[in-house]
Each structure stands twice: as C-alpha cells, then as structure tokens.
Amino acid sequence: MSPQPALSNGAWWTFCAGTFTCFLTGFTYTFGEWSPAIKSSFRYSQAQLDTLALAKDLGNFISMDAGFTTNRFGAHVSVAVGTLVLATSSAFIFLSLGHDVPFAAMIVLFAIFGHSMSFCDNAGISTSVKNFPQSKGSAVGLMKAMEGLTAAVINTVFFSFCSDAQLNYFPLWIAGSTLGTGLFAVPLIAMTDSPVEEDEHRVSSKFRFLTGALLVYTAFCGIVVYLKAYILPVAVVAVLMPLGLFLLTMGGSASPRAQSLLDNGQQRSDRPNLSAWEMLLRVDFYLLFYVFIAVQGAGLLLSNNFSQIVKAVSHDPHASSAGYLTIFSIFNTCGRIFVGFGSEALKAQVNRPWFLAISATLMTVAFLFLHLGKSFLAFSAGLVGFGLGGSFALQAVVIEEVFGPKEMPIKYSCCFCAACIGSLVLSDLLAGLLYDMAAKEQGQTICHLYGDGL
C-alpha cells in the first residue's frame, strides 16, 4: 500500500516536478554552445575539449549510485543530491574561467558536473515508469521531451540578457536555474510521489493534451530562434508556459476503482520480473545495449562537437552553431514526444523495440546527408536530434517491459551506461582526434576545410 500523498492527484504533481528535474539533465546538450568559452579561456585543442565532454558524459551516464539512491531512499533524495551538486559544479566551472586550472582538475570538475544530472534523470524517469504503469511510454516521452527542449529554452533566456561575447556566463545561468528547480521539486516530490489513481481514459486524455500543448510550445521555441526574438517578454513566456501547461493536469479526483484494477492487473502479469543482476546475465540485454551505444553515441558526437562541425561544414572558422543547436534541441524534443506517445498508442500492434530501429535508421540517414555540405546542416541536425530523442524516450520503457519493474532505477542506470560508451568511442576517440589531425594538416587551430582532411 503506497503512502497517502499530502496533495491530491499526487502522481501528477510528482510528474510535473520530475519533468522539470529532467529539464536540468538537458544542460548536457548545451555544451556545444558554450564550449568555445572553455576552449578560448584555457587554449584547449578540440581533442582536449572532447575529453571534457567525455568526462561530462561518463559522469552523466555511469549512474549506478543514482539508481541505488532512488531505489533505497526515494526520488526526492536523488533530486536533492543532483540539484545541489549540479549548481555547485556549474558555479565552479564559471569561477575557473580565466584562471590557471590544471587540465586534470577540469576533467574531474566536468565529471562531477555530468554525474549530478544522472540523479535528476534517474529520479524523474523512475517515478514516471512506476506511477503511470499503463501509460509509461507517454509519461517518459513527455518527460524526456522537456529534457530535449533545454537548449532551446536556455538559449532564449540567456541571449535575452547576454551576447555571444558573454558565453563565459553560461555556467552561471545553469547554476541559478538548477537551484530554483531544486527548491521547487524536492519538497513537492517528497509530498506527492504515489501511483496514479485516475482511470486510464482520463490519464490518456491528459497525456494527449500535454503532447499537443508541448508540440505547440516546441513550435514557439522554433519561431523564437528563427526570428531571433531574444527579448525579456519572450524569455518570461518561455520559462512560465511549460509550468502552466503541467499545472493544468492537476485537476480531477482519485479513483479507487482505477487503483483496484491497476493492482489486479499487476498481479495477473506473467511477464518476466528480473532483478538487475539477472538482467545483466541475459543476452537480449546486451543486444539492446549495443543498439543504444550506436544511436546515442552518434547523437552525442554531434552535440558535443557542434561548434567544430558547423565551422568545418561551413568552411568558416567564425560560423556560429547556436541556430543549429536549437534545431537539434527542438527535433530532439519532437523525437521524444512522437516516439514516446506513438509507441504507447501502437503498443498493441507494434513491439516497442521497432521504434528503436526507426531511430537508428534516421540517425544513419542524417550522417550521410551531413556530407552534402552546409545546405543540409539543419536537416542533419534535426534528424540526429529526432533519432537521439527517440532512443532516450524508449530506453527506460523498453527495459521495464522486457525485464520487469523490479529494481527499475538500478536497471535503468545499467542501460544508461550505453551512452557514455558511445560518447567515448565516437565523440572522443573518433571525432576529436580526426578534427585535430585535419586542423594540423591545414596549419590551423580549427578545422574548417571539411572533406579532404577527414
């Protein structure tokens, strides 16, 4: 028997708070935007910059302690740890700029920065899978959608106050946003975390509303970027609109009948319900793990190297990646929404892993088109974002459906490691070294003659 939440409709309050903690984990995708400030401040090579990105990704995606914390102490404790460490590490990154900080110390700092996000992600996703067992695909997809929108939203707010010349302040904005979110989310999750008690039809209707509303919000972010409408009123709307959308779902009353049906359905389930250790002994886990490595590693290659890739493809050492990063962010969000909601709507007809195959196909097409030049940069950024977002929307749900809900936070952490392996192989060992080799052959510090040297 779950404890009675302090607020009615507790699952939806937890979903709202968890969604905004997942928004914080999207800060990992903003690194391609503010990494030039790091590179110029410390005079790093692209390989060194990719090493910092790798440290960030390793910290983010190797998250076994986050899984154990959520499983043992609850989601609110994980969010408290994650937001406190993320805000502190972001502030230290800001303070390090302009100072003589050893590279090894920066690697550790970025690993801590990335690792803090894993606590926020694990708490948010685990509560969605647990609290919405009949609609977990939609719940996780929408929660991951907010994570995908982070770059677009934070860019809108940041550039409403600062210019490209002030990118060194970006980590400070991350710290402030994180503290505000933590103060809101931690007590709310502690008071409300409980399974949904509304009937399935009402829950589905709310998720359909949120899906449509979030797509409209995504389009709004895209228009802001296209028009470069970086002004204070637009920034305020960008921050407050998501909160208003999620608060609209809080209406309605609990349904004891719905909870009774849910409990009976769980008891009748004959699907596997393995422990984390038993899952790790299964061959099918490693088959899924390999696909996640390939898809997520390719997406992180693009996001971590956006600044360099845009300069190389554009043949312009001064080309900005801001617009392409926002396109990536917006389609990342769309991938999470459409794949999460679509896989839920079609779960009776199409096995969810097929949606993972679709994401992998889109990623392949995107990198092929990247070789066609600057005209296809936006197209490739969009497809990569969509494929990456779709894979993250599926990850927790596929693991839960194939291996069962037992020790779900820990199992999710195990599969989440796939992204860090992909980042190591594709982003750090492949992209960084190749771009630096090409730049050296060109006699430049930045590769901007894409093609011959790669």
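Student: What makes Ala123 buried?

Tutor: Buried means under 20% relative accessible area, exposed means over 50%, and partly exposed is in between (1.4 Å probe, protein chains only). Ala123 has a relative accessible area of 1%, so it counts as buried.

Student: Where does Ala123 lie, and which residues is it in contact with, leaving aside neighbours within four places in sequence?

Tutor: Ala123 lies in helix α6, residues 103–131; helices here are DSSP runs (H or I, at least four residues), numbered from the N terminus. Contact means heavy atoms within 4.5 Å, and beyond those neighbours Ala123 is in contact with Thr70, Ala75, Ser78 and Val79. The C-alpha atoms of Ala123 and Gly18 are separated by 7.1 Å, though the two are 105 residues apart along the chain.

Student: How many residues of helix α8 are buried?

Tutor: Nine of the nine residues in α8 (150–158) are, so the helix is mostly covered. Among them are Thr150, Asn155 and Phe158.

Student: What makes Lys206 and Glu198 a salt bridge?

Tutor: A salt bridge is a side-chain nitrogen of Lys or Arg within 4 Å of a carboxyl oxygen of Asp or Glu. The closest N and O atoms of this pair are 3.0 Å apart, so the pair qualifies. Lys206 is buried, and so is Glu198.

Student: How do you know that Asp284 is partly exposed?

Tutor: Its relative accessible area is 27%, so it falls in the middle class. Asp284 meets Arg282 in a salt bridge at 3.4 Å, N to O, and Arg282 is partly exposed as well, at 33%.

Student: Which residues are linked in a network of salt bridges?

Tutor: Lys136, Glu344, Arg352, Glu400 and Glu401. Within it, the closest N and O atoms of Glu344 and Arg352 are 3.2 Å apart, and both residues are buried. The structure holds twelve salt bridges.

Student: Why is Val108 called partly exposed?

Tutor: Val108 has a relative accessible area of 48%, so it gets that label. Val108 belongs to a nonpolar surface patch of about 380 Å², along with Val81, Leu84, Val85 and Ile112. The largest share of that patch, three residues, comes from α5.

Student: Where is confidence lowest, and where highest?

Tutor: pLDDT is the predictor's confidence in each residue, from 0 to 100. Helix α12 (residues 256–268) is lowest, at a mean of 47, and helix α5 (residues 75–96) is highest, at 95. The chain averages 81, and 86% of the residues score at least 70. Where pLDDT is low, the predicted coordinates should not be read in detail.

Terms used. Residues numbered from 1 in each chain as written. Predicted model: local features only at pLDDT ≥ 70, side-chain atom pairs only at ≥ 80, totals over all residues. Heavy atoms only, no water. Helix = DSSP H or I, 4+ residues; strand = E, 2+ residues; numbered from the N terminus. Patch = residues over 30% accessible without salt bridge, like charges linked within 9 Å, V, L, I, M, F, W, Y side chains within 5 Å. Areas by Shrake-Rupley, 256 points an atom, 1.4 Å probe, with all protein chains shown as cover.
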